[in-house]
Amino acid sequence: MKNIRFTINQNFYFYSFLIFAFILPLSRALISFFVVLLPLVWLLDSQIKNKIDEIKNNPVLLAIGIYLVFVFLSLFWTSDIEEGLNTARLYMYWLLIFVFATRVQKNNIQYILSAFLFGMLISEIVAYGVFFDIWTAKYATKEYLSPFMMHIDYSVFLAFASILLLSRILSKEYSTKEKIVYSFFFCTVTGNLFLAPGRTGQLAFLIGFVAIFIVHYKFSLRAILGSFVGLILVFSIAFSLSDTFKTRASDLKTDMQMLQNGNFDGSWGTRVAFIMTSYEIVKENPLLGVGLGGSIPAAIDIFKEKEMPFSDFVKSFITSNHFHNQYLMILVENGLIGFALLLNIIYQLIKKVLKNYEIKEIGVVFLVIFFVSCIAEPLWMKQFTIGLWCLIVGMLALKCKERYDGK
């Protein structure tokens, strides 16, 4: 019996990703719906052979494919197959990258990015409505202005949206009226970022802000002055108007003082404890790691074998949570081989983005913001941020594709 095959019009993929980009900051359920629908339709599409050829000839997609194969193979040596399968489920989201890169037209990218910004606008309206006591939202409070996701994840979204808007403000492709609208939106998004307690996104914003000026104006005096003055202005306003930002900055100082005294109980002290624990695990499993999902059992074993300078609170936290750092998670669970494959993905993305003028600003800014944020959170283990990764990397891989088509 022949396999069932049918041809899908490219408009289906365009409108599907347009909706996906819009709902990405708004709905877990709809993200899951598109994560199932789009790869399923893509696999049944009659043009599958052409898509496989595209993947093999696209270094970005090939690097991602090799990494995924190794990650899934690590399930064979994990000590926690249940958690490993749960994490593998999130890695299945990456199929969206292949769908986007092989089926969406490059001239539709700006529309899809605008749909994402419109989704962020809706989330902004909800967040500020809560802040000004106009209405309530299920997950948002005045202290945590993140209506649809965790505040750390939302801070990453806000950082990217803010710098994406800034790139449009600096661009010559938009009219003065459009830039006025984008400037107002930039102010509200950046304000939300610093009213909320997400230091991960704030740090990413800081580096992304500098990166956009350097990419736009090269390494010039204009880039240095623009980024310097802009950052001083943003952080001055944040300190003046946001009690949350001042409190989190004070907490950071307290954490550093505790850490200097050998106390790892603070937020940043716990992160240092994760690094120390990861080092011990990697020493024992350097090449292959402990397998997908095996980080917590490995940490439990380390604490049984070695005397670590942590309180019972810190040990309990480490053995019941992810490692709060994407790079540590990969090193621990997939070893040096998995980490090398990750570096290859980063290398291929940067290499192709820098060669493509059309997406250089968006590509560099996204990669900077995302991979800086991965220092503080394992973003590939979170539904919203992994969705953002798939959407933007799919765009970057698509735009790279024109190089291989000889166009």
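Over the ring of which residue does the charged end of Lys 315 sit? The charged end of Lys 315 is placed over the ring of Phe 303, 5.9 Å from its centre, where a charge counts as sitting over a ring if NZ of Lys or CZ of Arg is within 6 Å of the ring centre and within 35 degrees of the ring normal. Arg 271, in turn, lies over the face of Trp 268, at 5.5 Å from the ring centre.

The model is predicted, so local features need pLDDT of at least 70 and side-chain atom pairs count only at pLDDT 80 or more, whereas totals for chains, interfaces and linings use all residues. Residues are numbered from 1 along each chain as its sequence is written, and side-chain values use heavy atoms, with hydrogens and water left out.

**Aromatic pairs**

A pair of aromatic rings is described by the distance of the centres and the angle of the planes. Rings of Phe, Tyr and Trp (its six-membered ring) pair if their centres lie within 6.5 Å, and planes under 30 degrees apart count as stacked, over 60 as edge-to-face and the rest as tilted. The structure holds 36 aromatic pairs, including the one in the next sentence. The rings of Phe 17 and Phe 20 are edge-to-face, because their centres are 6.3 Å apart and their planes stand at 85°. Both residues belong to helix 1 (residues 10-23), three residues apart, about one turn of the helix; helices here are DSSP runs of H or I with at least four residues, numbered from the N terminus. The rings of Phe 370 and Phe 371 have centres 5.8 Å apart and planes at 85°, so this pair is edge-to-face.

The table gives the relative accessible area of these residues, where buried means under 20%, exposed over 50% and partly exposed in between (1.4 Å probe, protein chains only).

| Residue | Relative accessible area | Class |
|---|---|---|
| Phe 17 | 1% | buried |
| Phe 20 | 0% | buried |
| Phe 370 | 0% | buried |
| Phe 371 | 9% | buried |

Phe 370 and Phe 371 also belong to one aromatic cluster, whose members include Tyr 67, Trp 94, Phe 366 and Trp 389.

**A glycine in helix 16**

Gly 335 is found in helix 16 (residues 326-355), and Gly 335 is buried, with a relative accessible area of 0%. The C-alpha atoms of Gly 335 and Leu 287 are separated by 4.7 Å, although the two residues are 48 residues apart along the chain. Leaving aside neighbours within four places in sequence, Gly 335 is in contact (heavy atoms within 4.5 Å) with residues including Asn 285, Pro 286, Leu 287 and Ile 330.

Conventions
Helix = DSSP H or I, 4+ residues; strand = E, 2+ residues; numbered from the N terminus.
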